Amino acid sequence: MTAHLQTIDHTVQLTREWVHELSKLLDWGDEQRAWRMLRVTLQALRDWLNVNEAAQLGAQLPLLVRGLRFVPPAV
């Protein structure tokens, strides 16, 4: 059980680092905005890439970020 929790902790930390870095690169003070932009970008890539390319991309993403590709937009 502890190994599973470490995996969750690791992917949350890695995702936070990605969002923080993205926010910094875009010179946005709002990490929520960077999170939304990351989600929308990954969803657009999902729709544009073929199945094999999408799978290869997903394999390189942290678990939590990988899941963003399948989250519907907020209403």
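The mean pLDDT of the protein is 87, and 91% of its residues reach 70 or more, pLDDT being the predictor's confidence in each residue, on a scale from 0 to 100. The structure is a predicted model, in which local features need pLDDT of at least 70 and side-chain atom pairs count only at pLDDT 80 or more, whereas totals for chains, interfaces and linings use all residues. Residues are numbered from 1 along each chain as its sequence is written, and side-chain values use heavy atoms, with hydrogens and water left out. Where pLDDT is low, the predicted coordinates should not be read in detail.

The protein contains 4 helices and 0 strands, where helices (H or I, at least four residues) and strands (E, at least two) are DSSP runs numbered from the N terminus. Along the sequence these elements follow the pattern α-α-α-α. Among the elements, the lowest mean pLDDT, 84, belongs to helix α4 (residues 63-68), and the highest, 91, to α2. The C-alpha atoms of the protein fill a box of roughly 35 × 35 × 25 Å when taken along the principal axes. Of the 75 residues in the protein, 24% are buried; in this classification buried means under 20% relative accessible area, exposed means over 50%, and partly exposed lies in between (1.4 Å probe, protein chains only).

On the surface, Leu5, Ile8, Val12 and Leu64 form a nonpolar patch with about 310 Å² of accessible area together. Patches are made of residues with over 30% relative accessible area and no salt bridge, like charges being joined within 9 Å and nonpolar side chains (Val, Leu, Ile, Met, Phe, Trp, Tyr) within 5 Å. The accessible areas come from the Shrake-Rupley method with a 1.4 Å probe, and for residues only the protein chains shown count as cover. Helix α1 (residues 2-25) gives the most to this patch, with 3 residues. Ile8, a member of the patch, is found in helix α1 and counts as partly exposed because its relative accessibility is 47%.

Charged side chains were examined next. A salt bridge is defined as a side-chain nitrogen of Lys or Arg within 4 Å of a carboxyl oxygen of Asp or Glu, and by this rule the count comes to 2 salt bridges. Side chains of opposite charge can pair when their charged atoms come close. One of the salt bridges joins Lys24 to Glu21, with the closest N and O atoms 4.0 Å apart. These two residues are separated by about one helical turn, because Lys24 and Glu21 are 3 residues apart in helix α1. Lys24 counts as exposed, at 54% relative accessibility, whereas Glu21 is partly exposed, with a relative accessible area of 38%. A salt bridge is also formed by the side chains of Asp47 and Arg46, at 2.9 Å from N to O. In this pair, Asp47 counts as exposed at 58% relative accessibility, and Arg46 is partly exposed with a relative accessible area of 30%.

Arg33, however, lies over the face of Trp28, at 3.8 Å from the ring centre, a charge being taken to sit over a ring if NZ of Lys or CZ of Arg is within 6 Å of the ring centre and within 35 degrees of the ring normal.

The loop between α1 and α2 (31-48) contains Asp27, whose phi is near 60 degrees, a positive value in a residue other than glycine. Most residues other than glycine have a negative phi, and most peptide bonds are trans. Asp27 counts as exposed because its relative accessibility is 70%.

Separations between C-alpha atoms were also computed for several pairs of residues. Glu17, which lies in helix α1 and counts as partly exposed at 43% relative accessibility, is 54 residues from Val71 along the chain, and their C-alpha atoms are separated by 20 Å. Val71, found in the segment after α4, is partly exposed at 36% relative accessibility; Val71 and Trp18 are 53 residues apart in sequence and 18 Å apart in space, C-alpha to C-alpha. Leu57, in helix α3 (residues 51-59), is partly exposed with a relative accessible area of 23%, and the C-alpha atoms of Leu57 and Leu42, 15 residues apart along the chain, are separated by 9.6 Å.
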